[in-house]
Amino acid sequence: MNGISSAFWDLLRPQAALAVGALAVLAAGASRRVSTRVVKWLALAAVAVALLLLMTVRLQVVCLPLLRSDLLGSGLQAVFLSAAIPLLYLMEPADEIPPALVLGSLIGMGLIAVSGNLLMLFIGLELMSVPAYLLVARSRSPQALEASVKYFFAGGTASAIYLMGMALHFRAAGSLVLAPAPGPAGAAGLALMAAAAFFKLGAVPMHFWLPDVYEASDPELAGFFSTGLKAAAVLFLARLVPMAAPAGALVPALAWFAVLTILFGAVVALRQQNLQRLLAYSSISHAGFMMLAVAAWAKQGLAAPAAGALFFYLAAYLFMSGGAFLWLKAAGVRTRAELLGLAKARPGSAAVFAVLLLALAGIPPTAGFAAKFLVFWEAFKAGLYVPLLLAGLGALVSLGYYLGLIRDMYFDEAGPEPVKAVGPAPARWFALGCAAASVLLGLTPWLMDWFRPGMLGLRP
Amino acid sequence: MTQGALTALWLLPALGGLAALAGGRFSRWIALAVSLAALAYGVWLLGPLRTGVVAAAPQSPGWAFGIRYALFCDGLSLSLCWLTAFLTAACVVASWKKDYSAGYWAAFLFLEAALMGVFLARDLFLFFVFWESVLIPMFFIIGLWGMEGRRHAAMKFFLFTFFGSIFLLIGSVALVTLQHSAIGVWTWDLAQLKGPEGRAGLMIFAAMALGFAVKVPIVPLHTWLPDAHTEAPAAGSVMLAGVLLKMGVYGFLRVLWPLFPRLSWQLLPLLGLLAGINVIYGAFCAMAQKDLKRLIAYSSVAHMGFCLLGIVSRKPEGLVGGSLQLLNHGITTGTLFLLVGFLYDRGHRRGLGDYGDLAGRAPWLTFFFGFTTLASVGLPGLNGFVGEFMSLLGMARAWPIMAVVGVAGVTLAAAYALPAFQAVFLGAPGPGSVSALVYDLDAREKGLLWVMAALMLAIGLYPGPLLRLLEPCLLGLAQ
């Protein structure tokens, strides 16, 4: 086995830590004497160790037969792992299964991040998705089972499409490495695989499962889906893009689907009454911006700085969207009607949500603005002028509901359905932290630079 | 004048805003102290500016793509900062008796900080960040403390400006990227940027001009203005008309003219025509209004048209006159909105037909309203005349026909302002009049208005110092 270099195991270290953690969680759960509280902390420890191990992975492009590592992959792994922390901390599991499922899903995402082979990508995808279906099913909402089944069938379809694409690709190229395949079969294979990525990302027109799933999930789980899972799906798409032959062939299609996704998500979100559903459509719109960033990145020959914009967007989005879902958990609010006049009853809580909404809307000086700005910038450099303009209009439309929510909270008197419940205190602290981070990151975008020198490639 | 000295000018109100937010019942005192301190500090900065110590090119490292934190200051920036600080202080005094929460006073200080940032920014990116930050406090001022239609007006205000800002941002990105591909250096420094020639230049100019035009506002992008001004609380209208509209013209002067000296001169027919339309259209709309606040709001559209006529002409007198008119309009229209606010506090109506014969009941209110109306329509000896006259003089040299249109606009101004004054203060009260509720101004209100009136008279009789302050930074733009 010396043929498989030590670099191979190096790259898998975080995933190994997660796997050990998952086994420990299951073993601890099997024992009657261990409380679910301990189980939760075990899972959190596994994530923390994985994050530490991720730091030790050397920041260079490594290509092995099955695995590869690069800056974007390592950076997004940090996003996945961070996204899981509030989920693990806030979930109130009846037994050891949900924490173990979260860890399992994280292993899958980690594999997507380091996979250098279509088969490995598939394994990562399945390992990520299957626990996600089960987590939805175990949510408290009455529609949880229905949503889970819908999610499962949509996900199953995506997997089938992906496998079909992979088979076509194999027929054309004779291998499963991430490289272009010749001929129409290769092109068809890539198109099918990209369609599967659209499914996972919730890109229009493969988005139909997403609002139901986000609405039925517990808020902290929906927050994880909208940040961690979305980041993994973006990475999945980013891994497929270089396989186009000729290079950049996917760019126009990607850019137009991105615009469609941005506009569709923004317009439909305007009419939503359920807040989780509204944020779900908003996450569809944001996914469109990420697709635009991927398109710009591909158009510029996969240059590192352009990937920096994508990474920054996802990192900022982690705080903005994750924070918004966690705020829903903290405030115990479910519908727009319950928001009416909230600022009078709970000024601090309303202020936190207002900051998160302004960040999601992309108003300076928040991280949301810096993120959108970087994407616009890269799109302009890539010459995607018309998609860029339409994306800007999408941002304008989305302002209609982000500002609308602030208006509901601040400018209206309390409605007929004032909020009764208040969520757990830790959720409040997480939401506050996310709001603070989404402002600080906007004021000082170079904070990201300190974490991993050169990650952003922003410095001229 | 170092970067630090200029940073203090916007940081002071920003920190003051935080203090006011936490200040509870002392918020209004904090707001008053901070806004007066900012005004005093701004006036003190005139000394360093006079001695010619203008901020040198900043050496601070930027964070990415040449974006830097860089401020600078000349006569135009400084005088607009004075206007901002002065009107903020006036707003605080004017709403002193109101039972508003800490957020109200903090919002005005945050607004002041963001506006100062706009007028001081030397880096285009920084300019944009401040430009957008202005929206947040103003959104809350309109939406939380405004009139009946405030919810709708606040959204409309934000969405319209954001629409323009998207084009401004895309135009800026295009400008900087094209400059980078031309000379190989990333920079957002307004002193180093040069607009490209040809079609790309035209498109960038159009995109950025659209962003500024929404703010001015140039007809037909003005439809947010009457709603926002009418529904905002009195002090909010003062800031909107007094300072926020100036941002647009300032953008033309500070960003577009230096970036595109040739192109903006070639576009004189188009820009001049738009300015002329503003003057005439605003005046006719004002004539048709039955609501006093709405009438003044439309008169702002006409007045901003005069500013545009001046700066578009690109003659020295036009540029200086247009800039002076920015300050004049800030003071006079700000005062008019304050007066309408005082009137509304008493009668709780704004309609022209709701009052009548106030001259006998409230002589001071009548005096100040009349005085300010005369300043607003450009009576010689008061401030409005100087700015309008110089603007028209500039236009007469560049494109005489538009100057004639402008003169017609001056006449129209008298035709909408004086009948309104007559209806409210001199005419017989109609049925359902609430004139009986109106009592005269108290000492605080009178004191504030005396200061305003003194400024109008002073600028009208002796505009020399202000003109000399504005001249050096504008002559370079003359054609």
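This is a predicted model: local features need pLDDT of at least 70, side-chain atom pairs count only at pLDDT 80 or more; totals for chains, interfaces and linings use all residues.

Modeller: Two residues are said to be in contact if their C-beta atoms, placed from the backbone, lie within 7 Å. A:Val39, A:Lys40, A:Ala43 and A:Ala46 in α2(A) meet A:Pro99, A:Val102 and A:Leu103 in α4(A). By class, this contact of α2(A) with α4(A) consists of six nonpolar residues, no polar residues and one charged residue. Helix α2 of chain A covers residues 36-56 and helix α4 of chain A covers residues 97-114; their axes come within 9 Å and cross at roughly 10°. Angles under 35 degrees count as roughly parallel, and α2(A) and α4(A) are therefore roughly parallel to each other.

Chain B as a whole has 21 helices and zero strands. Its radius of gyration is 21 Å, close to the 23 Å that the globule rule gives for 479 residues, so chain B is as compact as a globular protein of that length. Along the principal axes, the C-alpha atoms of chain B fill a box of roughly 70 × 55 × 45 Å.

Within this chain, helix α8 runs over residues 150-183, which is 34 residues. At 1.5 Å a residue, α8(B) should span 50 Å, and its end C-alpha atoms are 48 Å apart, which agrees. Just after α8(B), B:Gly184 takes a positive phi of about 75°.

What does α8(B) pack against within its own chain? Its partner is helix α9 of chain B, residues 198-215; the two pack at an angle of about 150°, with their axes 7 Å apart. That angle makes α8(B) roughly antiparallel to α9(B). The crossing of α8(B) past α9(B) is left-handed. Sorted by class, the contact of α8(B) with α9(B) has 15 nonpolar, six polar and one charged residues.

Helix α8(B) also takes part in the meeting of the two chains. There, 26 residues of chain B are in contact with 24 residues of chain A. On the side of chain B that touches chain A, α6 (124-133), α7 (135-145) and α8 each supply at least two residues. The largest share of that side, 14 residues, comes from α8(B). By class, the side of chain B that touches chain A has 19 nonpolar, four polar and three charged residues.

Definitions and conventions
Residues are numbered from 1 along each chain as its sequence is written. Chains are lettered from A and ligands numbered from 1 in the order in which they are written. Helices (H or I, at least four residues) and strands (E, at least two) are DSSP runs, numbered from the N terminus. The expected span of a helix is 1.5 Å times one less than its number of residues. Ala, Val, Leu, Ile, Met, Phe, Trp, Tyr, Cys and Pro count as nonpolar, Asp, Glu, Lys and Arg as charged, and the others, Gly among them, as polar. Axes are lines fitted to C-alpha atoms, for helices over the stretch in contact, and angles run from 0 to 180 degrees between N-to-C directions. Angles under 35 degrees count as roughly parallel, over 145 as roughly antiparallel, 65 to 115 as roughly perpendicular and the rest as oblique. A crossing is left-handed if the near helix is turned anticlockwise from the far one by less than a right angle, and right-handed if clockwise. The radius of gyration is taken over C-alpha atoms; the globule rule is 2.2 Å times the number of residues to the power 0.38.
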